[in-house]
Amino acid sequence: MPPPADRPALDRAARVRAHIEESILPPLVALVIAAVVGDILIIIFGQSPGDVYRQLLEGTWGNAYGFGQVIYKATTLTFTGLAVALGIRAGLFNIGAESQLASGGFAAALVGLAMPHGTPGGLAVVACVLAAAAGGGVVGAIPGALKARFGASEVIVTIMLNFVVLALLNYIVAAHIHVSETLHTPEINAGALPRLAAVFAVFSGSAANTTFLLALAAAGGVWWFLFRTRPGYELRAVGLQPDAAEYGGVRVGTVWAKTMMLSGMLAGLGGLNYVLGYKHYYEEGFAAGSGFLGIAVALVGRNHPVGVVVAALLFATLSQGGLAVNALVPKQMVDVLTAVVIIAVATAVPEVRRALVAARRSAGIGTPGTGNGEPGTVTPRGASVPGSPFPGARLRRADSSTPDSRR
Amino acid sequence: MIAFLIQTLRIAVPYLFAAAGGIISERAGIIALTLEGFMLTGAFCAALGSYYSGSALVGIVAGIAGGLLAALLHALATIRYRADQVVVGIAMNLLAVGVTRFFLRLAFDSSSNSPRIPGFGGGQVRSGVLSSLANPLVWLGILSMFAVGWLLYRTPFGLRVRAAGEKPDAALSVGVPVRRVRWLAVAVSGGCAALAGSYLALDQHQFTDGMTAGRGFIALAAVIFGKWDPKRVTIACLLFAAAETMQIRLQSLQLIPSQFVEMIPYVLTIVALAGVVGRAVQPAALGKAVD
């Protein structure tokens, strides 16, 4: 699709409408597809979709315990979602959130164990937070450095590193510091964060804890970093057009390396939710699935921190809801739905956007952005980048490879 | 010694199958992250087919059909709709886990495994040389790599596959139907990976939840470590399988923790990707969509 030859200046209202259409409609189409698949599965199992969805909502948002569990799960997913989203903004695909999360949790548990009983709470928490960030950051830095130095595909390296790191952690825990007959470490001596149940009694029993405030702070921090700082601007520029960024004086390799490290740190912080907030120890496999779900969260959240928080709540609801409906349909239905949502978003978003652009052009209205609906603007004002979920080199196509005008 | 080689071969068969499919897919420009999912789907469908028909051969056919179905979905999303291959690939693996679990509950009312199914060989028992040699899939697995080498370097289709993965634009300009070639390549990879899965299910005489246990990723590691070349990939598969065999045989001695043996394929792959000498360089258009 060639870029439109001329782009008449849009009045503000039309631009806002177009923007809203482009950011809301495609995910909506994807969710409808997922809902249809869900209905089919439910009917195959001989249940009524209405009943299942009602049960799903009641078991999650309908009572304090379910809601607490949703918050707990959404907290981890916010961290891994932010980690993946940050990488994608720089054109990098961090599939290692799984092991970065585990490594962060492990580091936090180690520090929590090393500190003596009675360490002042604030100090202990700060130490654990730093440890988690460092633990995830180290694992994230390896693929970043290999990509920057040797051009090694970060996709493959992060996948392979997942297996390596998890096997290594399993070995350390199993061989050296596990509580006998279990797969977890002893409880940490200091640094535990209070659960929500300690403040609001209604949440009793649920795992929700004050780490969710940290997750919100991290989302705010990522937003500020991406859209209000110079390194964040460089990061997005690299994601949209590495060559153009390089030409503009950005050291692309350095940005890649730093971004992967930051991404790993964000994922690592997610480990606090389990280690400091919930169980107070590191356990083999606590991170299972959260890293991959982070990809779904980033994708549905359009790689925007606000979107990531919303998407984290959505997937946490699905995940907890699966347990709530398990009596009616197998909870594995939720795994299927999650995968369908990812495929549908990845497929429908560019497709619907192309259709929108075509429709608008035939109606004689100009479109913001390039031909395939990628408003590839890197405005210093920090506009969001709603285009394809994967800006940058990997998805460069003929029609999106021209750097768009900086209006 | 013979027993060691046979056991290595038994472990290597699924790697050979899946890696053979992975080579074709990656050489055509489609990232083979999905091998794991195709394998799992194939294993489950093979178990279904074998259980309901009572014949292991029908199981193989059903397994291939399942793998093809999954591959077609992947091709539809990534080739027809040009969705990102990595995203869809990851999702396909999640989908395979979810779908097999869902239908495991539906078909066998179990969340862990299927009932015993007709298969090849003596089941769980580490049976002797003969039973392995009687398993047609073992032979087919060895053959698959030769077949891929022949297909890739000795046939027009292979030339087109390599063109589609290296210079799709140039291939298009001389009339190669790049997208159709990629569709076929993904289908072949789905079928091959499904055979790997079928082998697992029929060899163990049942389907268990998540029974592929990362073997698809080890196959992918072998493809990369073997630099996308059938001969080297075969060696990589045998090497990884031999390491596993050693680990199983030396388990009682506790020489090396099993976790370190598990790491070998992955560490070698990372080293190969980052290697200063003889680095693995992927097909130029790997992962890039074609209009």
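Start in chain B: select helix 2 (residues 35–53) and helix 4 (residues 85–108), whose axes come within 7 Å and cross at roughly 20°. Helices here are DSSP runs of H or I, at least four residues, numbered from the N terminus; axes are lines fitted to C-alpha atoms over the stretch in contact, and angles run from 0 to 180 degrees between N-to-C directions. That crossing makes helix 2 of chain B roughly parallel to helix 4 of chain B (angles under 35 degrees count as that).

You're looking at a predicted model, where local features need pLDDT of at least 70, side-chain atom pairs count only at pLDDT 80 or more, and totals for chains, interfaces and linings use all residues. Residues are numbered from 1 along each chain as its sequence is written, while chains are lettered from A and ligands numbered from 1 in the order in which they are written.

Now show side chains. Among the residues making this contact are Leu40(B) and Phe44(B) of helix 2 of chain B, and Val97(B) and Phe103(B) of helix 4 of chain B. Being in contact takes C-beta atoms, placed from the backbone, within 7 Å.

Next stop: helix 1 (residues 2–27) and helix 11 (residues 230–249) of chain B, packed at about 140° with axes 8 Å apart. Click on Tyr15(B) of helix 1 and Phe240(B) of helix 11, two of the residues making the contact.

Finally, bring in chain A: its contact with chain B takes 45 residues from chain A and 39 residues from chain B. Select helix 6 of chain A, which gives the largest share of chain A's side, 13 residues.

Notes
Angles under 35 degrees count as roughly parallel, over 145 as roughly antiparallel, 65 to 115 as roughly perpendicular and the rest as oblique.
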